[in-house]
Amino acid sequence: MASQPYLKLFIRRKCLVEDSLNQLATHEQDLKKRLKIEFVGEEGVDAGGLAKEWFMLLVRDLLNPLYGLFVCDAEDGKGTYWFNPAALETSNRYFLVGVVVGLALYNSTLLDLHLPLAVFKKLLYPNFYHTPQHSSSVLPPMVVVAAATAATTTAAASNGHAPADGSAAAQRYGTASNGTGGSAGFTGSASAGGMGDGRSPIYGLLSSSAQVRYQINEMLSDVGHFRPDLARGLRQLLQYRETDVEQVFSLTFEASYDAYGEIITVPLIPQGAHVPVTSHNRVEYVMRYLQWVLNDSVARQFEPFKRGFYYVCGGNALSLFRPEEIELMVNGSGEDWDSKMVREMAEQVGFEDGVLVEWVWAVLDEMKVDERRLFLLFVTGTDRLPMVSAGAAGLRLKIMFLGDDWRRLPVAHTCFNQLGVWKYRSKDEMRHKIMLAIKESEGFGLK
């Protein structure tokens with residue numbers, strides 16, 4: 001029997017996760033082919049829209065709080081997701097998430113799953129967050145003071161300056177956040193001149209204490225993307241100038257996490273509950289805590305996710321990319337977009353009245369940044385742009401005229417990046433209808 005030129009999955013909507021997992025497991029040889037989806041009992045032919053809908057529905061299902069696979073840093077579920085240390089689900093679901101991320105990368109599809117840069121660093125460089133051997137004798141307690149200006153957000157890190165941490169080595173060797181959560185000295189793969197662990201070749205020339213400073217800055221920046229409060233607290237601990245750390249912070253060598261309302265405490269070292277954090281051992285405490293967050297606490301969850309990802313994306317091709325580039329290809333860019341550039345790439349169908357389509361673009365021009373993100377989410381299913389290299393130029397919208405019923409709201413078909421509008425009587429009326437649609441819609445209806 002001749003092999004098909006694409007990967008075709010037959011999915012029942014009521015058994016989305018189970019059907020997807022079972023069929024992907026039986027199509028290992030076809031995973032690097034173009035994806036086509038057929039929903040059982042439906043006549044739709046997949047020209048790209050059904051596959052996009054499958055990604056969207058599957059991610060939404062896997063992120064359901066009832067499964068508890070991930071935790072989110074925002075209460076509204078629109079923030080950055082990280083593996084849930086308290087997850088009770090089997091490894092199969094994490095494996096499926098990894099496969100979905102790999103397939104999205106292979107099929108140039110953005111996912112509404114905002115994974116932090118740390119995930120892609122761990123995928124490309126398994127030992128990236130390996131803690132170097134250190135003790136209180138390696139690094140004097142007052143040497144490591146994380147940057148006061150190195151915020152846990154991209155905006156605060158986007159100035160590209162070295163951290164004001166009092167460390168000459170940190171400033172000299174580029175440990176400043178570059179706005180993507182990594183360090184300015186980060187070079188990517190070994191083929192790009194790195195050492196195979198994703199760091200600058202200069203890292204291996206640093207002294208032990210300078211390596212600790214370098215790694216603390218980078219780990220704090222990365223953790224800040226999905227646990228900003230924790231990163232902020234650890235920075236404050238390192239920045240504290242007095243010697244009464246034990247009395248002021250009242251910490252021991254333990255880490256904690258929320259397990260469905262119950263706080264679970266884990267020792268970072270043997271008998272950690274009885275070892276206070278002092279001005280002499282706080283650097284070791286911070287390093288151990290960060291490694292626990294990034295590695296130990298999620299090892300059971302990350303391993304099947306990684307297997308799923310490499311089930312699709314195994315091979316040497318990934319060595320050509322940096323983690324930041326993989327992140328952009330999967331998550332897209334959160335930058336603002338220029339409606340004029342989008343207009344140049346857009347397709348306009350059915351408009352006999354040129355005034356009406358001019359109103360559409362005028363309304364987009366007048367939108368605020370957060371309103372444009374809502375519009376993008378309404379029309380495409382994600383509020384993020386394709387990767388930066390394409391930016392707004394990679395966003396291709398289709399604007400359609402639907403008819404004369406001005407009382408109806410605009411209609412979006414996210415599978416095709418398509419917006420349909422009616423013959424509204426004025427620009428103000430069009431603006432009101434569009435704003436109502438993008439702010440009050442959810443799924444296939446209104447909130």
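Predicted model: local features only at pLDDT ≥ 70, side-chain atom pairs only at ≥ 80, totals over all residues.

Colleague: Fine. Start with H7 and H10. At what angle do their axes cross?

Modeller: Roughly 45 degrees. H7 covers residues 208–223 and H10 covers residues 282–294. Their axes come within 10 Å.

Colleague: What do you call that, oblique or perpendicular?

Modeller: Oblique. Angles of 65 to 115 degrees would count as roughly perpendicular.

Colleague: And the handedness, left or right?

Modeller: H7 passes H10 in a left-handed crossing.

Colleague: Which residues make the contact?

Modeller: From H7, Val212, Gln215, Ile216, Met219, Leu220 and Val223. From H10, Val283, Met287, Leu290, Gln291, Val293 and Leu294. By class, the contact of H7 with H10 has ten nonpolar residues, two polar and no charged.

Colleague: Switching to strands. How do E5 and E6 run, parallel or antiparallel?

Modeller: Antiparallel, with six bridges joining them. E5 is residues 254–259 and E6 is residues 262–267. Alanine 259 has glutamate 262 in E6 as its bridge partner.

Colleague: What about the turn? How many residues sit between the strands of that hairpin?

Modeller: Two. Tyrosine 260 takes a positive phi there, near 55 degrees.

Colleague: Aromatics next. How many pairs?

Modeller: The count comes to 20 aromatic pairs, taking ring centres within 6.5 Å. Take phenylalanine 70 and phenylalanine 83: their ring centres are 5.4 Å apart and their planes are at 35 degrees, so the pair is tilted.

Colleague: Where do those two sit?

Modeller: Phenylalanine 70 is in strand E3, residues 70–72. Phenylalanine 83 is in strand E4, residues 81–83. They are 13 residues apart, and the pair links distant parts of the chain.

Colleague: Now the sheet with E7 in it. What's the strand order?

Modeller: E7-E8-E10-E9. It's an open sheet of four strands with mixed pairing.

Colleague: Which strands stand at the edges?

Modeller: E7 (347–349) and E9 (411–413). Each has a single partner strand, so one side of each is left without a neighbour in the sheet. The twist averages 20 degrees from one strand to the next.

Colleague: And how do E7 and E8 pair, parallel or antiparallel?

Modeller: Parallel, over three bridges. Glutamate 347 stands opposite lysine 398 in E8.

Colleague: What about E8 with E10? Over how many bridges?

Modeller: Five, again in the parallel sense. E8 is residues 398–403 and E10 is residues 418–422. Lysine 398 stands opposite glutamine 418 in E10.

Colleague: Which strands does H14 lie across?

Modeller: E7, E8 and E10. H14, residues 354–366, runs at about 130 degrees to E8.

Colleague: H14 packs on H16 too. At what angle?

Modeller: About 60 degrees, with the axes 9 Å apart. That makes H14 oblique to H16. H14 passes H16 in a right-handed crossing.

Colleague: Who's in that contact?

Modeller: H14 gives Leu356, Trp359, Val360, Ala362, Val363 and Glu366. H16 gives Lys427, Met430, Arg431 and Ile434. By class, the contact of H14 with H16 has seven nonpolar, no polar and three charged residues.

Colleague: Last one: H15 and H16. What's the crossing angle?

Modeller: Roughly 75 degrees, and the axes come within 9 Å. H15 is residues 369–380 and H16 is residues 427–440. H15 and H16 are therefore roughly perpendicular to each other.

Colleague: Which residues touch?

Modeller: Glu371, Leu374, Phe375 and Phe378 of H15. On H16, Ile434, Met435, Ala437, Ile438 and Lys439. The residues of the contact of H15 with H16 divide into seven nonpolar, no polar and two charged.

Notes. Residues numbered from 1 in each chain as written. Heavy atoms only, no water. Axes fitted to C-alpha atoms, helices over the stretch in contact; angles between N-to-C directions. Parallel < 35°, antiparallel > 145°, perpendicular 65-115°, else oblique. Left-handed = near helix turned anticlockwise from the far one by under 90°. Contact = heavy atoms within 4.5 Å. Nonpolar A, V, L, I, M, F, W, Y, C, P; charged D, E, K, R; others polar. Pairing = 2+ DSSP bridges. Phe/Tyr/Trp six-rings, centres within 6.5 Å; stacked < 30°, edge-to-face > 60°.
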